[in-house]
Amino acid sequence: MKKFLLIAIIAFASTSLFAQNADLRKKIEVSGSAEQEVTPDEIYIGISLKEYMKDNKNKVGIDELEAQLQKAVTKAGIAQEDFMINNINAYNNYWDKKKDPAFLASKQYSIKVKDLNRFNALIAALDPKGIAYSNIERYAYSKEDELKKELKIKALRQAKEKATYLVEAIGEKLWGVIEISESDNSSFPQPIYRTAMLKTQSFESADAAAPIDFKTIKISVNIRAVFEIK
């Protein structure tokens with residue numbers, strides 16, 4: 001009997017505790033969204049330089065090619081902080097292999113530009129035989145964070161407006177917000193080359209850098225909001 005009474009007391013206490021913790025407020029959940037298309041203003045370009053043999057005995061070294069690239073970067077008006085080394089070939093024992101006259105070293109770089117004309121001028125100043133390849137790594141919009149803040153505010157206001165007219169349609173009133181969450185639906189399409197991907201032989205002329213068509217970046221946010229109904 002005592003055991004049964006104890007179980008009943010525990011069950012009653014659990015039920016009371018659940019009732020106290022349960023959220024019995026009337027709620028409405030809605031979503032709002034906002035988006036804007038912008039033109040990318042930061043272009044990250046990868047370029048790979050590789051040593052090559054002038055003749056059977058002499059080669060143009062990576063140090064010489066890199067110095068040429070650094071000079072071209074400065075002349076093109078690109079800031080030094082926007083010029084980075086990504087990788088020194090794929091060999092683990094690079095320094096041992098460098099002693100081998102037949103070994104041709106390569107280095108990969110990343111360059112950030114805001115104007116493709118500067119990149120074209122840079123490429124034109126380089127030794128075409130020392131360029132293994134060049135490609136667009138990615139591109140971005142410099143004021144993306146600032147724009148997202150504006151879009152989030154716009155999306156939240158849209159959600160509140162939606163919740164307000166839905167609640168008023170049933171004779172109720174909207175109260176304070178209970179929960180807000182967000183998601184990012186931005187899209188960054190890959191750039192489209194109007195001509196073939198840049199290859200070593202394509203740098204034989206000063207205007208050989210392939211023209212590029214950029215699709216706009218779509219910055220898009222979605223806000224989910226839960227409001228209380230009074």
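Buried means under 20% relative accessible area, exposed means over 50%, and partly exposed is in between, with a 1.4 Å probe and protein chains only. Before you go on, note that this is a predicted model, in which local features need pLDDT of at least 70, side-chain atom pairs count only at pLDDT 80 or more, and totals for chains, interfaces and linings use all residues. Residues are numbered from 1 along each chain as its sequence is written, and side-chain values use heavy atoms, with hydrogens and water left out.

Helices (H or I, at least four residues) and strands (E, at least two) are DSSP runs, numbered from the N terminus.

Next, select L69 and show its contacts, meaning heavy atoms within 4.5 Å. Leaving out residues up to four places away in sequence, L69 touches I47, L49, F83, Y109, I111, L122 and L126.

**An aromatic pair**

Rings of Phe, Tyr and Trp (its six-membered ring) pair if their centres lie within 6.5 Å; planes under 30 degrees apart count as stacked, over 60 as edge-to-face and the rest as tilted. By this rule there is one aromatic pair. F83 and Y109 form a stacked pair, 5.5 Å centre to centre and with 15 degrees between the planes. F83 lies in strand β5 (residues 83-88) and Y109 in strand β6, so the pair ties together parts that are 26 residues apart in sequence. Both F83 and Y109 are buried.

**Two loop residues**

Go to I78, in the loop between α2 and β5. Is I78 buried or exposed? I78 is buried, with a relative accessible area of 7%. Apart from neighbours within four places in sequence, I78 is in contact with V73, I111, K112, V113 and L122. The C-alpha atoms of I78 and R118 are 7.8 Å apart, although 40 residues separate them along the chain.

Then select A105, in the loop between α3 (94-97) and β6 (106-113). A105 is buried too, at 1% relative accessible area. Draw a C-alpha to C-alpha distance to I62: A105 and I62 are 6.5 Å apart in space and 43 residues apart in sequence.

**Charged pairs**

A salt bridge is a side-chain nitrogen of Lys or Arg within 4 Å of a carboxyl oxygen of Asp or Glu. The count comes to 12 salt bridges. Show E42 and K112, whose side chains meet in one of them at 3.9 Å, N to O. This pair links distant parts of the chain, with E42 in strand β2 and K112 in strand β6, 70 residues apart. E42 and K112 are both buried.

Compare K59 and E51, which meet in a salt bridge at 3.4 Å, N to O. K59 counts as partly exposed at 28% relative accessibility, whereas E51 is buried at 6%.

**Strand β11 and its partners**

Select strand β11 (residues 217-229): 10 of its 13 residues are buried, so the strand is largely enclosed by the rest of the structure. Two strands pair if DSSP finds at least two bridges between them. Strand β1 (residues 27-38) pairs with β11 in the antiparallel sense over 12 bridges, and eight bridges join strand β8 (residues 174-184) to β11, also antiparallel. Click on V226 in β11, the bridge partner of E29 and of E179.

**Last stop: charges over rings**

A charge sits over a ring if NZ of Lys or CZ of Arg is within 6 Å of the ring centre and within 35 degrees of the ring normal. Select K230, which lies over the face of W175 at 5.6 Å from the ring centre. K230 also forms a salt bridge with E228, the closest N and O atoms being 3.8 Å apart. K230 is partly exposed at 48% relative accessibility, while E228 is buried at 12%. Finish at R138, whose charged end sits over the ring of Y44, 3.8 Å from its centre.
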